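Have the sequence and the model open side by side as you read.

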Amino acid sequence: MQLYCNSLTQYSRLKTREVKIGDLLLGNFHPVRLQTMTTTDTMDTQATVEQSIRCIEAGAELVRITAPSKREAENLLNIKNELVKRGYKTPLIADIHFTPNAAEIAARIVEKVRVNPGNYVDKKKFEFIEYTDIEYNEEIDRIRERFTPLVKICRQYGTAMRIGTNHGSLSDRIMSRYGDTPMGMVESAMEFLRIARDENYHNIVLSMKASNPKVMVQAYRLLIQQMDAEFGEHYPLHLGVTEAGDGEDGRIKSAVGIGTLLEDGIGDTIRVSLTEDPEFEIPVCRDLVKRYEESELLNADREKVILPVEQMPYSPFDYKRRETFAVDNIGGHHVPAVVADLSKIEKITPAHLQSIGYTYNEPTDKWNIGDAAADYIFTGDQILDFALPGTLKVIINAEAHANAEDKSKYLPIYDTISFLAAYNKGEYLGNINFVMVGADLLGTSLFLDLLTHLNNKELAGKTVLCFYSEHKNAMQSIRKMFVDVMNFGNKNPVIIICDSNWQTADEHLIHYSTECGALLLDGFGDGICLGITKSSYRELSEVKSEKVRVKSEVLVADGGHLGMEDEILEVDIESAATNVLSLNASGRNYLNNLSPEQFINSTAFTILQATRTRISKTEYISCPSCGRTLFDLQETTAKIRSRTNHLKGVKIAIMGCIVNGPGEMADADFGYVGSGVGKITLYKGKDIVKRNVDSAIAVDELINLLKESEAWVDV
């Protein structure tokens, strides 16, 4: 094993113990299982059964249901019996927080229970307590005494268990010793796992969830390393980014976290936590998992064997951005740049720049530059016949660069051979030069020759490398390129080129998020350029004419404010309208992309936001709702977004109940948390600012809090 996975350069699934959940087998190289969680009141048997069936028919292989008290735990029997009566035998999971007695009831009824080690025995009062080693061990004994009865029941009834750590609900005891860290998350779960192993109980799945993909990925990697060190084996892993949100933001954040681990062969079951109806989570899960289902992927690129990493120049457990020097505004202390590929547009006009964040105002003859405006555009051989806005620059093929008059605005891009040939012949090179470096050069004399030439400081100071791969395992091969340049000592900035040959907007979204996200989370990349194959571009651009039945979420007036409302439409859609549907991710959306370029540009900025490498908009940490939720989470999230989406860099948490609410405030600037029926508690950071606010006025009170905290700006 290489640190936390089988290989850093080839796709290889991590071997885990086999776990039996009802008739479903998980782990030990079985397919990655898809699951979701109901949002209905568990005491409403009919509603929970109906929603469970919708999830199962969408493809869920496991369905989780909250059991906050003994009453709900007991009602799981009615839910299970009704599902069986209707012919559904999909395993059910009881979700437990705070209530061991409910867990012990549920374990006798359903196929699996999930316990949160942060609140199963320990409490969360946000108090720092100093423990001596003796006192700490006494607390472990207390956990053993309270947790062991559940373990014995699970072993007796053949019930599986997930020990599910949440970053936001680490106990005060764990926080006091380990802090708010990935290692604290790991130890929180390991304490419970050790107790279960002492009882010879192994039907266990583990998870390390956080709303920050960076924290989540580090925690899973550390957990694998810790299990390997202590036990010499690994238990199956349930992957998920908690409170990911909704729309394209939630899908991208989930894909960044879950996809990063799947790329390394890690993960036995996944759940995408969206603030949407649970059946909408399953297609996203499927798009993530199907990338690894092709049998050919397991033996992919055998003719392109990449040598293993022998010397690790970075830590996969602690984020640190690769050290580079700046070439113009790329690298160094600059945020990652975004390069928009406009090369597939036959004739680029000022109107096309609107899709990448630049809007031209003809009366004033000025450009408005948005927060999500691309830094560079690639035009192929095309020289534009209009003046460019602001600092926007054009990357153009080296052969066409000679025809550009303004060499400060037009920058050449070379392949590696042409770049070295031009330099060695003394030909003109631009003030900034982009050099395409493919993964096929790994281990070749040409790659070494390029890095050796870049020892020349003058040449290096005007060179930006562009890493790309045509391998099936593209992320691993590009990661190896970063490892090699770091071991060589090269500090040139690098643009990550990621091309997609998938068909749908959802598939492209998952592909870009997974491949770029995995690299960015390890500190690699000074910019990204998302590309698309010609056939896929045509697929996204095609105008279709068909009658469709769609669930349209539209803006509506609500007391003078804008919110979202669902509306079922059956219409003939033609021309641009159908195009918009094909250019947006499924589910709730907040963007209406009118071109492939706009879709790709917005995706690029959202990936950077999800990896916390470049902030361009408000961030929402929104839980997916469940039977514990104390208000309409989807409607409230939409209302809050409609009024705060212009607050660049502000992080707002919207939580349905108290289970993870306060803890997740550690990752948010402001919080809106359900504290009772129709009651909301407002937070600033971890601190409560207002309690028991009537939900009818709570959004207004949140806006007032933002203004009082000087976090508000007028539109």
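Over the ring of which residue does the charged end of Arg-173 sit? The ring is that of Tyr-136, with the charged end of Arg-173 5.0 Å from its centre. A charge counts as sitting over a ring if NZ of Lys or CZ of Arg is within 6 Å of the ring centre and within 35 degrees of the ring normal. Lys-214 gives another case, lying over the face of Tyr-319 at 3.8 Å from the ring centre.

A word on the ground rules. This is a predicted model, in which local features need pLDDT of at least 70 and side-chain atom pairs count only at pLDDT 80 or more, while totals for chains, interfaces and linings use all residues. Residues are numbered from 1 along each chain as its sequence is written, and side-chain values use heavy atoms, with hydrogens and water left out.

**Aromatic pairs**

A pair of aromatic rings is described by the distance of the centres and the angle of the planes. Rings of Phe, Tyr and Trp (its six-membered ring) pair if their centres lie within 6.5 Å; planes under 30 degrees apart are stacked, over 60 edge-to-face and the rest tilted. The count comes to twelve aromatic pairs, and two of them are set out here.

| Pair | Centre to centre | Angle of planes | Class |
|---|---|---|---|
| Tyr-120 and Phe-147 | 5.9 Å | 85° | edge-to-face |
| Tyr-314 and Phe-524 | 4.9 Å | 80° | edge-to-face |

Tyr-120 belongs to the loop between β6 (112-115) and α4 (133-157), and Phe-147 to helix α4, 27 residues apart. Helices (H or I, at least four residues) and strands (E, at least two) are DSSP runs, numbered from the N terminus. Tyr-120 and Phe-147 are both buried, as are Tyr-314 and Phe-524; buried means under 20% relative accessible area, exposed over 50%, partly exposed in between (1.4 Å probe, protein chains only).

**Arg-33 and the cysteines**

Arg-33 lies in strand β3 (residues 33-37) and counts as buried because its relative accessibility is 12%. Its side chain reaches the side chain of Glu-61 in a polar contact of 3.1 Å; such a contact is a pair of N or O atoms within 3.5 Å, and within protein one must be able to donate a hydrogen and the other to accept it, with residues adjacent in sequence counting only if both atoms are side-chain atoms.

Disulfides, defined as pairs of cysteine sulfur atoms within 2.5 Å, come to a count of zero. Cys-498 has its nearest cysteine sulfur, that of Cys-516, 4.1 Å away.
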